[in-house]
Amino acid sequence: MGKNIGFISTRFSGTDGVTMESSKWAAVLEAAGHRCFWMAGKLERKPSESMLVPEMHFKHEENQWLSEKIFGRKGRSPEVTTAIHHMKRILKKKIEAFVLQFEIDLLIVQNALTIPLHVPLGVAITEFLAETQFPTIAHHHDFYWERTRFIVNAVGDYLRMSFPPNLPNIQHVVINSAGQEELALRAGITSVIIPNVIDFDTPPLRNDAGSLEFRSTIGLNPEDKIILQPTRVIQRKGIEHSLQLVGDLEDPRYKLVISHEAGDEGYEYLEWLKKEALEHDVDLRMVDLKVSDPYYAENHKSGYSLWDIYPHADFITYPSLYEGFGNAFLEAIYFYKPLLINRYATFVKDIEPKGFDLVVMDGFLTKNNVQTVKEILESPDRRKTMVEHNYETARRHYSFDVLRQRLSYIIMNFFGI
């Protein structure tokens with residue numbers, strides 16, 4: 001019998017990895033006969049299936065004030081502690097209302113018990129789960145100890161309590177083996193690995209009219225070639241390496257297009273990239289349009305999704321310094337696109353041994369990397385062999401079947417079905 005499953009996070013909106021993986025999980029769960037409902041501070045979901053609570057967004061005014069007071073310093077005032085608990089009480093009541101309104105049987109907390117972008121929310125969820133023993137999957141994408149911005153903080157007590165909490169009613173899910181090891185070492189918590197996935201058995205939904213319109217909207221001519229950086233504009237994405245690559249290709253037809261928005265971690269990095277592009281004569285195109293989550297069907301009715309952008313790419317750059325897993329890696333393969341990738345830790349440990357055919361850099365771009373990219377761009381046969389091999393490899397290891405099997409196992413453990 002199908003269950004009512006409630007997803008909770010700070011946001012389910014746009015094209016960040018947490019939002020898109022949540023949509024994939026929901027697609028698999030709904031195909032298995034369950035119903036999914038949504039609760040967050042920013043939502044792109046049907047109102048009839050969701051509860052919008054603006055205070056849950058990590059950019060909510062009160063939470064931003066709190067974050068300024070607790071990160072980058074070692075002590076907090078009683079006023080800050082009082083504010084955390086005040087917001088926690090409000091959010092806890094909202095969670096209770098969400099569970100009652102939609103008759104939720106199982107909660108899936110997406111990263112809100114992992115990275116402390118919203119400390120009161122994490123504490124509220126923890127207290128609710130401790131008091132109710134509610135069946136819960138905590139899906140962890142990136143832990144606070146993996147980010148330097150959270151290392152110095154005034155909330156070590158709350159981090160140990162809630163990011164993540166060690167409760168018997170929670171099944172913890174991580175996206176890579178390093179996360180599994182660190183979670184066990186630091187908190188004594190066991191977890192299941194479920195890597196990010198794509199439905200490799202189903203071709204992507206394509207909007208050809210939308211794709212052509214997108215190309216003209218960003219001012220590209222028919223002869224122009226797109227080098228696509230399909231990430232948010234934040235420093236750990238290593239976009240400066242993509243700028244260097246396009247500059248070193250020394251061909252004005254190649255344009256560097258960045259698909260996602262800036263702002264999650266400020267705009268200084270974006271301004272620096274624009275300056276670097278000017279100085280190195282790189283044609284940088286920012287997609288200032290609203291680009292939506294392609295896995296949520298309602299988004300195909302208006303606006304652009306990532307699936308309108310990928311078909312036009314001639315090459316993908318993914319020189320991230322750090323990733324929990326790496327959605328863009330799978331997306332490039334899904335669209336049969338060749339790509340450059342940096343050997344970030346999760347790639348080295350979990351992905352590289354699978355045997356993909358990629359242009360690989362190890363912290364810096366070499367002349368050999370640039371030459372290999374040129375050869376791929378100029379050789380249709382080389383490109384075809386590369387992308388077909390990668391697609392079949394990914395289908396074996398990162399398909400929806402992997403997700404379906406592991407979620408079924410977890411749900412069976414909770415409910416015996």
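Which residues line the second largest cavity? The legends below refer to a predicted model.

**View 1. The second largest cavity and its lining.** His140, His141, Phe143, Glu146, Val174, Ile175, Asn176 and Gly179 line the second largest cavity. Its volume is about 40 Å³. By class, the lining comprises three nonpolar residues, four polar and one charged. The search of the whole structure returned two cavities of 30 Å³ or more.

**View 2. The largest cavity, with a space of about 620 Å³.** Its lining is made up of 38 residues, and those closest to the centre are Asp16, Gly17, Val18, Arg232 and Arg236. Helix H1 (17-31) and helix H11 (327-334) each contribute at least two lining residues. The largest share, four residues, is from H1. Sorted by class, this lining holds 14 polar, 13 charged and 11 nonpolar residues.

**View 3. The cis peptide bond between Phe163 and Pro164.** Omega for the bond from Phe163 to Pro164 is near -5 degrees. Pro164 sits in the loop that runs between helix H5 (156-162) and strand S6 (170-174).

**View 4. Asn111, a residue with positive phi that is not a glycine.** The phi value is about 70 degrees. Asn111 belongs to the loop between strand S4 (106-110) and helix H4 (119-132). Asn111 is classed as buried because its relative accessible area is 8%, under the 20% limit.

**View 5. Asp281, a residue other than glycine with positive phi.** Phi of Asp281 is near 55 degrees. The residue is found in the loop between helix H9 (268-279) and strand S10 (284-286). Asp281 has 72% relative accessibility and so counts as exposed, the cut-off being over 50%.

Key: Residues numbered from 1 in each chain as written. Predicted model: local features only at pLDDT ≥ 70, side-chain atom pairs only at ≥ 80, totals over all residues. Heavy atoms only, no water. Buried < 20%, exposed > 50% of the residue type's maximum accessible area, 1.4 Å probe, protein only. 1 Å grid on protein atoms, 1.4 Å probe; cavity = no way out; pocket = protein on both sides within 12 Å on 5 of 7 lines; lining within 4 Å. Points joined across faces, edges and corners; volume = space filled by probe spheres on them. Nonpolar A, V, L, I, M, F, W, Y, C, P; charged D, E, K, R; others polar.
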